[in-house]
Amino acid sequence: MARRIQPIFDSILADTRLQGSSRSFVESLQEQYKRKKTLSQGQRRALSKVEDQLAAAPAMDTDKTRRLDDLIARATVANDEWAISFVSSIKGQMAMGKALSTRQKEILVKVAERHSDEAKALRDS
C-alpha cells in the first residue's frame, strides 16, 4: 500500500536541518501537491531522497552549531545579508552531513574574521 504523502511533507519540513534550496524545493513540491493532489514518480523519488538524507544525516556537533549561530547573529547585527545567507547555507549543508569544499572553508574563515570582536572594534573606532 502506498504511503500517505502529506505526513512525509510534515515530517521533512518540521526538521530544522533542512534549509536553503533543499527546503525551498520541498516546499515547492508541497505546493504542487496541494494544487494537484498528486506528485509524479520523479517528484516522489526526489521527496524520498530528501527524507532518506535526513534520516541518514549524523547529529551535528553542538559546538559547531553554536559557533555558526553566533556568526549568523554577528552578521545580523552588522546587517550583512550575504554573510547571513552564506553561513545559513553552510549550516544547512553541515546539518545534512555534507562536507564543505576547501573554498567554502576559506570563505567561512574570512566571514568569521570580518565579524570577529577585533574587526568590530576597528569598525567602531
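Modeller: Gladly, and let's begin with charge: Lys and Arg count as positive and Asp and Glu as negative, while His and the chain ends are left out. On that basis the protein chain carries 23 positive and 17 negative side chains, and the centres of the two sets lie 9 Å apart. Please keep in mind that this is a predicted model.

Biologist: Thanks! What makes up the fold, in terms of helices and strands?

Modeller: The protein chain has 7 helices and 0 strands. Read from the N terminus, the order is α-α-α-α-α-α-α.

Biologist: What about the surface, and how much of the chain is buried?

Modeller: Buried residues make up 34% of the 125 residues. The chain exposes about 8,300 Å², with carbon and sulfur atoms supplying 54% of that area.

Biologist: Why is Asp-15 called buried?

Modeller: Buried means under 20% relative accessible area. Asp-15 has 18%, so it counts as buried. Asp-15 sits in the loop between α1 (6–14) and α2 (20–36). Leaving aside residues up to four places away in sequence, Asp-15 touches Arg-23 and Leu-54.

Biologist: Now the ion pairs. What makes Arg-66 and Asp-63 a salt bridge?

Modeller: The cut-off is 4 Å between a side-chain nitrogen of Lys or Arg and a carboxyl oxygen of Asp or Glu. For Arg-66 and Asp-63 the closest N and O atoms are 2.8 Å apart, and the pair forms a salt bridge. Both residues lie in helix α4 (residues 62–77), 3 residues apart, about one turn of the helix. By the salt-bridge rule the count comes to 8.

Biologist: Why are Arg-66 and Asp-63 called partly exposed?

Modeller: That label covers values between the 20% limit for buried and the 50% limit for exposed. Arg-66 has 48% relative accessibility, so it counts as partly exposed. Asp-63 has 32%, so the label applies there too.

Biologist: Which residues form salt bridges with Arg-74?

Modeller: Asp-70 is one partner, with closest N and O atoms 3.0 Å apart. Being 4 residues apart in helix α4, Arg-74 and Asp-70 are separated by about one helical turn. Arg-74, at 26% relative accessibility, counts as partly exposed, and so does Asp-70 at 36%. Asp-117 also forms a salt bridge with Arg-74, the closest N and O atoms being 2.7 Å apart.

Biologist: What does the pair of Asp-117 and Arg-74 tie together?

Modeller: Asp-117 lies in helix α7 (residues 117–124) and Arg-74 in helix α4, so the pair ties together parts that are 43 residues apart in sequence. There is also a network: salt bridges with shared partners join Asp-63, Arg-66 and Arg-67.

Terms used
Residues are numbered from 1 along each chain as its sequence is written. This is a predicted model: local features need pLDDT of at least 70, side-chain atom pairs count only at pLDDT 80 or more; totals for chains, interfaces and linings use all residues. Side-chain values use heavy atoms; hydrogens and water are left out. Helices (H or I, at least four residues) and strands (E, at least two) are DSSP runs, numbered from the N terminus. Buried means under 20% relative accessible area, exposed over 50%, partly exposed in between (1.4 Å probe, protein chains only). Accessible areas come from the Shrake-Rupley method with a 1.4 Å probe; for residues, only the protein chains shown count as cover. The place of a charge is taken as NZ of Lys, CZ of Arg, CG of Asp or CD of Glu. Contact means heavy atoms within 4.5 Å.
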